[in-house]
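Take a look at the model below.

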Amino acid sequence: MYYSYVMGIDDSILELKKYGFVIENDNENYTISFPKDKAMLWEEFIVNKLELGYWNEYLADDKVVFLFQLEEGIERYEVFDFKNDEVLALCEKLCECKMESLEKMLSENWYYKKVMADRIKSTNQTYWNEHADLWFGTTALPTLGVLFPTEEELHLFGDVTGKRMLEICCGSGHSLKYNADRGATELWGIDISQKQLENASAYLNENGYSANLICSPMEADMDIPKEYFDIVYSIYGVGWTTDLQGTFDKIASYLKKDGIFIFSWHHTLNYCVGWSCDERKDVLESDGSLIFHKSYFDESYFNMPVHDSKIVLCNRKISTYINALANAGFVIEQMIEQTDDATMAAEGNITDKEKKAKMVPISFCIKARKL
Ligand SMILES: C[S@@+](CC[C@H](N)C(=O)[O-])C[C@H]1O[C@@H](n2cnc3c(N)ncnc32)[C@H](O)[C@@H]1O
């Protein structure tokens with residue numbers, strides 16, 4: 001389906017319902033979605049009906065199509081990766097305002113924000129459903145990150161005996177088992193991938209454990225008890241969210257007062273420095289130095305090819321995580337930005353990732369307490 005938030009059109013738009021357009025009112029504007037093969041029909045409609053001085057854009061699969069109704073007629077642009085300076089300038093001219101980027105402009109509209117987030121979740125869910133087996137147990141406790149000190153060294157979880165624990169993005173269930181082995185009494189896990197949860201359920205059963213496993217995006221409202229858990233945690237999971245603040249708010253609601261939230265993720269510098277997104281690997285210069293390939297301030301979503309498929313991620317600043325935690329009512333007890341001792345001590349014939357990890361952290365981990 002293609003999607004548009006429509007302004008500058010009268011109620012003649014409702015005639016399109018008979019062609020399979022789904023149309024809802026939003027005050028004097030409309031939200032519409034239509035099948036891909038109706039794109040030409042939509043463009044014809046816009047050419048004929050859009051008021052002068054307005055533009056319409058619609059989200060196609062891999063691009064956004066902009067149609068500007070100008071004195072000199074319709075100007076049509078196809079925009080890829082939300083980047084086109086000419087289109088940005090035209091939008092600024094027509095709305096008589098300054099815009100940071102087309103992506104920001106679109107994501108500030110509630111309808112596009114939802115459509116874009118749903119698409120990201122769906123792409124990532126497809127990837128995880130199709131590739132779950134390749135990741136069986138790879139990003140799980142005691143591992144917290146890449147070339148990163150483990151839980152055995154950091155003891156962030158402390159004594160989990162008798163604790164009620166919830167894992168966000170529990171994947172193949174290995175971290176749940178790790179906690180069960182250490183005496184946690186109640187295990188809950190959520191994940192967007194049904195295939196991951198099937199693996200988790202089988203793995204836990206084989207080991208004599210069971211857990212409440214819920215297949216859902218972490219961003220959604222779920223049937224999870226509130227003010228209930230001693231520890232909520234996420235190992236390389238929470239950064240997949242399309243709504244960081246909403247996810248942290250939800251996590252805070254699941255925890256008891258003074259409950260602990262522990263999560264690890266790619267360090268923000270990892271994808272900014274010495275990294276090729278297209279090749280999905282670390283790249284060092286011939287003299288071993290690292291260069292910035294991407295701005296630290298750029299939090300926009302990007303596609304990354306993985307195993308003949310793709311995922312969609314964004315690279316949030318450390319302050320974005322910290323401020324979202326504070327807004328959700330957490331106090332940070334510990335933040336770890338470290339490379340493990342073995343890597344720091346390694347010399348000679350070492351991999352590019354190890355060389356990089358000796359200069360910047362590849363992962364970070366935060367332990368926070370709900371106030
Ligand atoms: C790197 S894996 C980490 C898994 C886990 N630590 C393990 O031991 O397998 C990331 C997980 O996040 C899940 N995921 C991705 N986006 C999600 C979302 N929006 N909501 C919930 N789970 C999500 C994936 O299905 C995948 O299982």
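Which residues of helix H8 (residues 244-254) are buried? They are Leu244, Thr247, Phe248, Lys250, Ile251, Ala252 and Tyr254. Buried here means that 20 or more other C-beta atoms lie within 10 Å of the residue's own; exposed means 12 or fewer, and partly exposed lies in between, with C-beta atoms placed from the backbone. Helices (H or I, at least four residues) and strands (E, at least two) are DSSP runs, numbered from the N terminus. An α-helix has 3.6 residues a turn, so residues three or four places apart point the same way. The cover over the buried residues of H8 includes strand S7 (164-168), strand S10 (229-235), S11, helix H10 (318-327), strand S16 (330-336) and strand S17 (363-370).

Two notes on the source come next. Residues are numbered from 1 along each chain as its sequence is written. The model is predicted: local features need pLDDT of at least 70, side-chain atom pairs count only at pLDDT 80 or more, and totals for chains, interfaces and linings use all residues.

Now the whole chain. The protein has 12 helices and 17 strands. Its C-alpha trace spans about 70 × 55 × 40 Å along the principal axes. Of its 371 residues, 35% count as buried. The protein is divided into domain 1 (2-108) and domain 2 (134-370), with bounds from an automatic or database domain assignment. The C-alpha centres of the two domains lie 38 Å apart.

Next, the cores. A nonpolar core is a set of buried Ala, Val, Leu, Ile, Met, Phe, Trp, Tyr and Cys residues joined through C-beta atoms within 7 Å. The largest one has 53 residues. Ile168, Ile231, Val232, Ile251, Phe261 and Ile262 have the most contacts inside it. Strand S11 (residues 255-266) gives the largest share of this core, six residues. Apart from it lies another core of 23 residues, among them Leu59, Phe66, Phe68 and Ile120. In soluble globular proteins, nonpolar side chains tend to be buried together.

Not counting residues up to four places away in sequence, Ile262 touches Leu156, Phe157, Ile231, Tyr233, Cys365 and Lys367. Contact means that two C-beta atoms, placed from the backbone, lie within 7 Å.

Turn to the ligand. Its shell holds 24 residues, and the closest are Trp128, Ala140, Cys169, Gly171 and Trp240. Helix H4 (110-131) and helix H6 (174-181) each supply at least two residues of the shell. The largest share, three residues, comes from H4.

Some loops remain. His307 sits between strand S14 (301-306) and strand S15 (309-314). His307 counts as exposed because 11 C-beta neighbours lie inside 10 Å. Leaving aside neighbours within four places in sequence, His307 is in contact with His131 and Leu134.

Backbone geometry comes last. Most residues other than glycine have a negative phi, and most peptide bonds are trans. A cis peptide bond joins Leu141 and Pro142, with omega about 10°. Pro142 is in the loop between H4 and helix H5 (151-154). Glu227 is not a glycine, yet has a positive phi of about 50°. Glu227 lies in the loop between strand S9 (212-215) and S10. Arg280 also has a positive phi, near 50°. Arg280 is partly exposed, with 13 other C-beta atoms within 10 Å.

Methods. Near = placed C-beta within 6 Å.
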